[in-house]
Amino acid sequence: MNAGNAGELGVDMKARKQFTFQAVSKWISWAFLLICGLAAIYLYRAGAFSSMEGLQEMIAETGFTGAALFFIVQVVQVVIPIIPGGVSCLAGVLLFGAWKGFLLNYLGISLGSCIAFFISRNVGKDLLYRLFSEQLITKYENWTEKQSRFTKLFALAIFFPVAPDDFLCYLAGTTRMRWRQFITIILLGKPLSIAVYSLGLQVIYQQILTLI
């Protein structure tokens, strides 16, 4: 096998692995949405959706277990980006109330972001092509050309909910960004974006309910 064929084979194997993981992720996303739909039907039949207070009281009966499970879901949905972050943030507020839901969202997403950074820092850039589309990587890759520029753009993206935060946390792990910088940006920047997602989507959700 000559060098050209070996190179083509390597590219082909990389593309296959990327396609396989993304296909599996898509199926997992659909499965999760199906589970959420079934859970919603169950809660509806149980009368949980008759009022927001009734739903939160039902979840409150699960105690620490319910909060811990949701916290884990928020951590995992960042590390394995198969659930839209906005959906899980809305779920936190609806299930646990504004303040407790915000706190669980904030802690879970912040920890998940740190784990994503850690994994990418140790595995390397090849991981990005396993988890995300080449189109997304190409779109933001030029941010990393200058470290000082990337740090500023990354901070702005985390502060304002306008960019794919999960991907950017993985991308940050492939740069020379220090842990202290990353953690500071996450802890200070996440509250606003999470509040916008959590409370903003809650307002939209309530408006939809008034129309039904």
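Glu141 is partly exposed, with a relative accessibility of 26%. The model described here is predicted. In this model, the side chain of Glu141 forms a salt bridge with that of Lys125, with an N to O distance of 2.6 Å. Glu141 belongs to helix H7 (residues 134–141), and Lys125 to the loop between helix H5 (98–123) and helix H6 (126–131), so this pair ties together parts 16 residues apart in sequence. Lys125 is partly exposed as well, at 32% relative accessibility.

The search of the whole structure gave 2 salt bridges. Another pairing joins Lys190 and Asp165, whose closest N and O atoms lie 2.9 Å apart. Lys190 sits in helix H10 (residues 179–211) and Asp165 in helix H9 (residues 165–173), so the contact links parts that are 25 residues apart in sequence. Lys190 has a relative accessible area of 3% and is therefore buried. Asp165 is buried too, at 10%. Both values fall under the 20% cut-off for a buried residue. Side chains of opposite charge can pair when their charged atoms come close.

The surface also carries a nonpolar patch of about 540 Å². Leu156, Phe159, Phe160, Val162, Leu192 and Val196 make up this patch. Helices H8 (147–159) and H10 are the elements that give two or more residues to the patch. Leu156 is placed in helix H8. The relative accessibility of Leu156 is 49%, so this residue counts as partly exposed.

How values were computed
Residues are numbered from 1 along each chain as its sequence is written. This is a predicted model: local features need pLDDT of at least 70, side-chain atom pairs count only at pLDDT 80 or more; totals for chains, interfaces and linings use all residues. Side-chain values use heavy atoms; hydrogens and water are left out. A salt bridge is a side-chain nitrogen of Lys or Arg within 4 Å of a carboxyl oxygen of Asp or Glu. Helices (H or I, at least four residues) and strands (E, at least two) are DSSP runs, numbered from the N terminus. Buried means under 20% relative accessible area, exposed over 50%, partly exposed in between (1.4 Å probe, protein chains only). Patches are made of residues with over 30% relative accessible area and no salt bridge: like charges are joined within 9 Å, nonpolar side chains (Val, Leu, Ile, Met, Phe, Trp, Tyr) within 5 Å. Accessible areas come from the Shrake-Rupley method with a 1.4 Å probe; for residues, only the protein chains shown count as cover.
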